[in-house]
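Please open the model beside the text and follow along.

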Amino acid sequence: MLLIHFQRLTYCLTAAVLFLAPLATDVHAAADKTTHDGRTYYSAQWIKNYFRFTGISTSKGRVILTSPKVRLAASSGSQTLYLNRVKFTMSYPLLSKGGTYYFSHVDAAKLIHPVLKPGNIRQATPFSTVIVDAGHGGHDSGSRGPYGVEKQYTLALAYKLKRQLQAKGFKVVLTRSGDSFLSLQQRVALANKYSNAIFVSLHFNWASSGGAGLETFALSPPDSSSTMGGYSSTQFSGNRLDAANIALATAVQAYSIKQLGGVDRGIKRARFAVLKGLKMPGVLFEGGFLSNRSEAKKIHSNLYLERMAASLTTGIVKYRTETTSR
Ligand SMILES: [Zn+2]
């Protein structure tokens, strides 16, 4: 199995994501569980045993689980989780209670488990089509940078990505091919006409102070909070693909960081309208901050967008290879 490369190549992480078996709920002792705010949590020790880590260290609010191939690190009160060098945002912070650290059930089942535990992600079926969604358009310019606006960069990136994916043999559908406005619902409806497809929405970020780097969003699982705020127990159609969504997000983010460098803002969850209704694996990629002058300058360069398209293509190709080679 592909985990073999795990210890030295974070970017193989997706290989492991692609196998998913149900998280057994009957194998833990009661002492390994706790309830907080009405939710079930598993102790770090339970996570260690269940996922067959060999080492555990807890000090100064930090939990580190190790095996020959995987290093998991999380900090009390923080949602940040590292699996080797791949950075994730958990649905809930690591809980510290009575000297023991706990991971929420949804993070164990929908993040750690699909990444680490062999099994099949049944929804990650072979695909030949990539729906490339250039964010914004028409009267909706998106964020504004010093050299241009988001809608022009997402479209430029979409065309570059289209050409590079076509060169790899994919069929590519653009949700918009010019400077036109489409609602988020129209984008989803258009995407859902295609089968054997995945969906990649392209955006650029903006922050009033200090934002930098790349991030990739997958739809929040039910019974979790969103990185953008808000709890929901609703199951959207996109949630049927939770395991595939995080596999695709992991591939896209990991290869973008590997090939482009810069600040790694990690793999995050949100209930974006453009992801909720999808009937195929989908992610939303944020390719840097237009509010950051040096990033905005790079994004304004054709060469950089070409490299960004190449990194996205690599992530998509890896995701496909790993889902179809099992
Ligand atoms: Zn946007």
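Leaving aside its neighbours within four places in sequence, which residues is Val200 in contact with? The partners are Val130, Val132, Asp133, Val283, Phe285 and Leu312, where contact means that the C-beta atoms of two residues, placed from the backbone, lie within 7 Å.

Some ground rules come next. This is a predicted model, in which local features need pLDDT of at least 70, side-chain atom pairs count only at pLDDT 80 or more, and totals for chains, interfaces and linings use all residues. Residues are numbered from 1 along each chain as its sequence is written.

Now for the overall view. The chain has 9 helices and 17 strands; helices (H or I, at least four residues) and strands (E, at least two) are DSSP runs, numbered from the N terminus. Of the 326 residues in the chain, 52% are buried. A residue is buried if 20 or more other C-beta atoms lie within 10 Å of its own, exposed if 12 or fewer, and partly exposed in between, with C-beta atoms placed from the backbone.

Helix 6 (residues 242–260) deserves a look of its own. Its 19 residues reach 26 Å from first C-alpha to last, close to the 27 Å expected, a span defined as 1.5 Å times one less than the number of residues. Because 16 of its 19 residues are buried, helix 6 is largely enclosed by the rest of the structure. Just after helix 6, Gly261 takes a positive phi of about 70 degrees.

Back at Val130, the bridge partner in strand 11 is Val172. Strand 10 (residues 129–134) and strand 11 (residues 171–174) run parallel and are joined by 4 bridges; strands pair if DSSP finds at least two bridges between them.

Finally, two loops are worth a visit. Most residues other than glycine have a negative phi. Asp37, however, has a positive phi of about 50 degrees, in the loop between strand 1 (33–36) and strand 2 (39–43). Lys60 also has a positive phi of about 50 degrees, and is found in the loop between strand 3 (55–59) and strand 4 (62–66). Asp37 is exposed, with 9 other C-beta atoms within 10 Å, and Lys60 counts as exposed with 6 C-beta neighbours inside 10 Å.
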